[in-house]
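Open the model in your viewer and keep the sequence panel beside it. The stops below can be selected in the order given.

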Amino acid sequence: MRHSTQLRIGPVGFRVGSDWRAPVALLDDLYRDYPPPQDDIPDFNVRLFAARFWRRWLRPSVQIGGDFVIPDAAPLPLAQGLLAAEMAMNLQMALGQRRYLLLHASAVERDGKALLMTGESGAGKSTLAALLMTRGWRLLGDEFVLLDPAAGMVHGFPRLISLKNEAIGVIEREAKGGRWGPLLEGTPKGAIRHLVPDVRSIAAMEQPATPALVLFPSFGFEGAEREVFPSECFVRLTQASTNYVTLGEAGFDALTGLVRGLPARAIDYPDTKTAIATVERLWGELA
Amino acid sequence: MTRYRAAPAATLRIVLLDVLTLVYHRASGITHVVDSPVPEMIEVLGGVPLTLDETLAALAAVHDLIDPDRNALAARLDELVAAGLVEAV
Amino acid sequence: MADENPQDSAPSAGEPRPSRRALMLGAASASAIVSIKPALAQTAGSVLNCEIPVPDPGRAGSYIDANGKVVPPGTKGAFPPAVRPFRGEDVKKAMNGGNLPGTSYDQSRAYTNYIRRLQRGTSGFTCFASLQMPRG
């Protein structure tokens, strides 16, 4: 591994090693305002490597390795090396995180309180989080929310915001002065472009927040909303967690503690303008 | 004659949420989301092992059983045994 | 930690508890228990055995053009539907440069393009997504 870098996202430190310089250079640039791992000791190691030695040069393709791997993961072309690095860090969290209950959700913060948004891929949670960030909310994260079983607070994981396909254009227009990674086309999920969280969100990344509202958004439908009861909220959140089961009783306690008393709504929205208005209204009513 | 008994109380963590109840089974680490009459059945089966008919009678004694159907109760018991929350002895 | 009596935890703590609550056993065919299964373990276990039909059953009979788009049957230059669904394992090999079993080079490329374009809700999407990174 000739090239490497270290960075911290929220409470989690990573060391990334790579057979190629380009992905590491991109990480250094886009994550330049982020701190190093606590005490310079990373929590997870990530490796971007060439499966066969000739793959460093001939149609170079990046295999993902690290402390935690899944077998037979498909490699990515070197042009998508940044995506490989992001996916690899994701994978360490998804498979190896034990300290916090991981929720596959985006989250933003205002006045010390957190708004969580969760749902299937394509539901719009990353896009909504990015939009709210441009409207003065602090970004906690676009992919993972870390729930501390001990105190019930949520901790941010403000990695680069991953925007896909049509959402890229939408956010490019809204995020004035935003710092962007390269446009990556032809990825398994279509076109992807990464947006660096704003300076304020990065600076505040160590501050947890109290969960105050959870939304289950669905994009592409006429505006509608319904209450979601704690039991449904609980089941949906277990489906959105990769480590609920491994955390055992601590996970059970953390999640039951979260859903009791936490207002929850499922919202359908036809466009982002409606979504933002709905979010602001519900926050005012319920948070 | 098959008798049924619930997993020991110390291994069950039961949280009533709203219409549904959550049961964390410490011995297996599995979380079950359950509907009535499961919590009530776990309660009556928390003492001495009971047969199917004794379970039905015990439930009827404490609750107002709207549909005291043996087959339905048998189905519930099978579900509970499959989930590991009740043991057939 | 002692288990909580469900009746004691009822939200309306202020009211006197009714001595006999109505209880339904439910239909014999119904289910009263859902067990939480680890999402990721399911994904990892099923990755190689899941299936992707081309195209999805909702558009059975339609053809697939070279770019992977679903087009009316008989469209010139497009390929007929796959005879049977492809296994995740075969799709993975095809993504890495092989051919889908029983297909020519061009046909395989058309099918794999279709698979890459799969949207949420279309049959086979979950299988394809699980071939990439786990989404948690």
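With which residue does A:Glu109 form a salt bridge? Select A:Glu109 together with A:Arg138: the two form a salt bridge in this predicted model, and their closest N and O atoms are 2.7 Å apart. A:Glu109 belongs to strand 6 of chain A and A:Arg138 to strand 8 (residues 138-141), so the pair ties together parts that are 29 residues apart in sequence. Both A:Glu109 and A:Arg138 are buried.

Next, select A:Glu174 and A:Arg135, whose side chains meet in a salt bridge at 3.5 Å, N to O. A:Glu174 lies in helix 4 (residues 166-174) of chain A, and A:Arg135 in the loop between helix 3 (125-134) and strand 8, so this pair ties together parts 39 residues apart in sequence. A:Glu174 counts as partly exposed at 34% relative accessibility, and A:Arg135 counts as partly exposed at 39%. For a group that includes residues of chain B, select A:Glu249, A:Asp253, B:Arg13 and B:Arg26, which are joined into one network by salt bridges that share partners.

Over all chains, the whole structure has 22 salt bridges. One of them is between the side chains of A:Asp148 and A:Arg99, at 3.4 Å, N to O. This pair links distant parts of the chain, 49 residues apart: A:Asp148 is in the loop between strand 9 (144-147) and strand 10 (154-155) of chain A, and A:Arg99 is in the loop between helix 2 (81-96) and strand 6 (101-110).

Now show helix 6 (residues 230-239) and helix 7 (residues 248-259) of chain A. They pack at an angle of about 135°, with their axes 9 Å apart, and are therefore oblique to each other. Helix 6 passes helix 7 in a right-handed crossing. Seven of the ten residues of helix 6 of chain A are buried, among them A:Cys233, A:Phe234 and A:Leu237.

Move to A:Ala209, in the loop between helix 5 (199-203) and strand 14 (210-219) of chain A. A:Ala209 is buried, with a relative accessible area of 0%.

For the surface, select A:Phe53, A:Trp54, A:Trp57 and A:Leu58, which make a nonpolar patch of about 540 Å². A:Phe53 sits in the loop between strand 3 (44-49) and strand 4 (61-66) of chain A and counts as exposed at 64% relative accessibility.

Finish on chain C, which has four helices and six strands.

Terms used
Residues numbered from 1 in each chain as written. Chains lettered and ligands numbered in written order. Predicted model: local features only at pLDDT ≥ 70, side-chain atom pairs only at ≥ 80, totals over all residues. Heavy atoms only, no water. Patch = residues over 30% accessible without salt bridge, like charges linked within 9 Å, V, L, I, M, F, W, Y side chains within 5 Å. Areas by Shrake-Rupley, 256 points an atom, 1.4 Å probe, with all protein chains shown as cover. Salt bridge = Lys/Arg side-chain N within 4 Å of Asp/Glu carboxyl O. Helix = DSSP H or I, 4+ residues; strand = E, 2+ residues; numbered from the N terminus. Buried < 20%, exposed > 50% of the residue type's maximum accessible area, 1.4 Å probe, protein only. Axes fitted to C-alpha atoms, helices over the stretch in contact; angles between N-to-C directions. Parallel < 35°, antiparallel > 145°, perpendicular 65-115°, else oblique. Left-handed = near helix turned anticlockwise from the far one by under 90°.
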